[in-house]
Amino acid sequence: MSVSEDRTVQPATVPAPVSSIADPAPLGLAAFALTTLLLSAKNAGWMTHATGSAWLGFAFAYGGLGQFAAGMWEFRRGNTFGATAFGTYGTFWIGLALWVELVANPAVAAIAKAPSTAAATVASLNHDLGWITLAFAIVSLYLWVLTSQVNLAIFLVFLGLVVTLIVLAIGNFDAGSALLPTGTIKVGGYIGLVTALLAFYASAAGVATGMGGRLKFPVGKPLVS
């Protein structure tokens, strides 16, 4: 005799997936900080005994590729803000380095063949930098507003960045045919150095948190929650 039993099968409980990707933000912040430090030292007039181009290779490799990779990992983690910020500034550094290699250096080299064009050429290059820094100041401005929902450390990093870019935009538009950093550009360089130090701190805080040890760096609460 066959007996049919009506049984309700309960679905097995599936544990929530755990991301195997470490937090990429400390890498992105460190890459941003180091490259910003090198370029800001040049803008501040500190590299009088150096070529002044130490930042260029790292704009491709660390500030560029490192930050861009961090941004792509932030996409994987579902962090829209981190992906947008690191993707934006990673490609900013790559784009700036390409502008130097493809536009600025050839233009300066051409001055040797036509010295009479030196003033106009340098002025146009300074205006290029003015437009570049102004454009990224606009992007940085709304990202800075949104950092009020992250934490105080990141808020201060972006505040320093916005001020740096605005001051550099003003300085480059006003530089005329000056080859060396003007007073305004030097001010932007000093603010950039402070911004780099803030970013290094935020990176260190992220690394400490990821390690899970007893050593922690406070980053403050979000201003808007």
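This is a predicted model: local features need pLDDT of at least 70, side-chain atom pairs count only at pLDDT 80 or more; totals for chains, interfaces and linings use all residues.
Residues are numbered from 1 along each chain as its sequence is written, and side-chain values use heavy atoms, with hydrogens and water left out.

Let's start with the core. A nonpolar core here is a set of buried Ala, Val, Leu, Ile, Met, Phe, Trp, Tyr and Cys residues joined through side-chain atoms within 4.5 Å; buried means under 20% relative accessible area, exposed means over 50%, and partly exposed is in between (1.4 Å probe, protein chains only). The largest such core has 36 residues, and Trp 55, Trp 93, Leu 96 and Phe 158 touch the most other members. Two or more residues each come from α1 (25–43), α2 (54–77), α3, α4 (118–146), α5 (152–174) and α6. Helix α3 gives the largest share, 11 residues. The helices themselves are DSSP runs (H or I, at least four residues), numbered from the N terminus.

Now zoom in on Trp 93. Contact means heavy atoms within 4.5 Å. Setting aside neighbours within four places in sequence, Trp 93 is in contact with Phe 32, Thr 35, Thr 36, Leu 39, Trp 55, Ala 59, Gly 63, Gly 64 and Gln 67.

Gln 67 sits in helix α2 and counts as buried because its relative accessibility is 1%. With the residues up to four places away in sequence left out, its contacts are Gly 28, Ala 31, Phe 32, Tyr 62, Phe 86, Gly 87, Tyr 89, Gly 90 and Trp 93. Phe 32 therefore turns up beside Gln 67 as well as beside Trp 93.

Next, helix α4. Its 29 residues reach 43 Å from first C-alpha to last, close to the 42 Å expected at 1.5 Å a residue (the expected span is 1.5 Å times one less than the number of residues). Its buried residues pack against α3 and α5, and among them are Thr 121, Asn 126, Thr 133 and Ser 140. Thr 133 counts as buried because its relative accessible area is 8%. Beyond its neighbours within four places in sequence, Thr 133 is in contact with Leu 165, Leu 168, Ala 169 and Asn 172.

Two of those names come back when you move to helix α6 (residues 183–211), which has 29 residues and reaches 42 Å, close to the expected 42 Å. Ile 185 lies in α6 and is buried, with a relative accessible area of 7%. Not counting residues up to four places away in sequence, Ile 185 touches Asn 43, Leu 168, Gly 171, Asn 172 and Ala 175. Just after α6, Gly 212 takes a positive phi of about 70 degrees.

Over in helix α1 you'll find Leu 37, which counts as partly exposed because its relative accessibility is 30%. Leaving out neighbours within four places in sequence, Leu 37 is in contact with Leu 193, Ala 196 and Phe 200. Its C-alpha is 27 Å from that of Thr 121, which is 84 residues away along the chain.

Phe 60, Leu 98, Leu 102 and Val 103 make a nonpolar patch of about 340 Å². Helix α3 (residues 80–111) supplies the largest share of this patch, 3 residues. Val 103 lies in α3 and, at 35% relative accessibility, counts as partly exposed. Patches are made of residues with over 30% relative accessible area and no salt bridge: like charges are joined within 9 Å, nonpolar side chains (Val, Leu, Ile, Met, Phe, Trp, Tyr) within 5 Å. A salt bridge is a side-chain nitrogen of Lys or Arg within 4 Å of a carboxyl oxygen of Asp or Glu, and accessible areas come from the Shrake-Rupley method with a 1.4 Å probe, where for residues only the protein chains shown count as cover.
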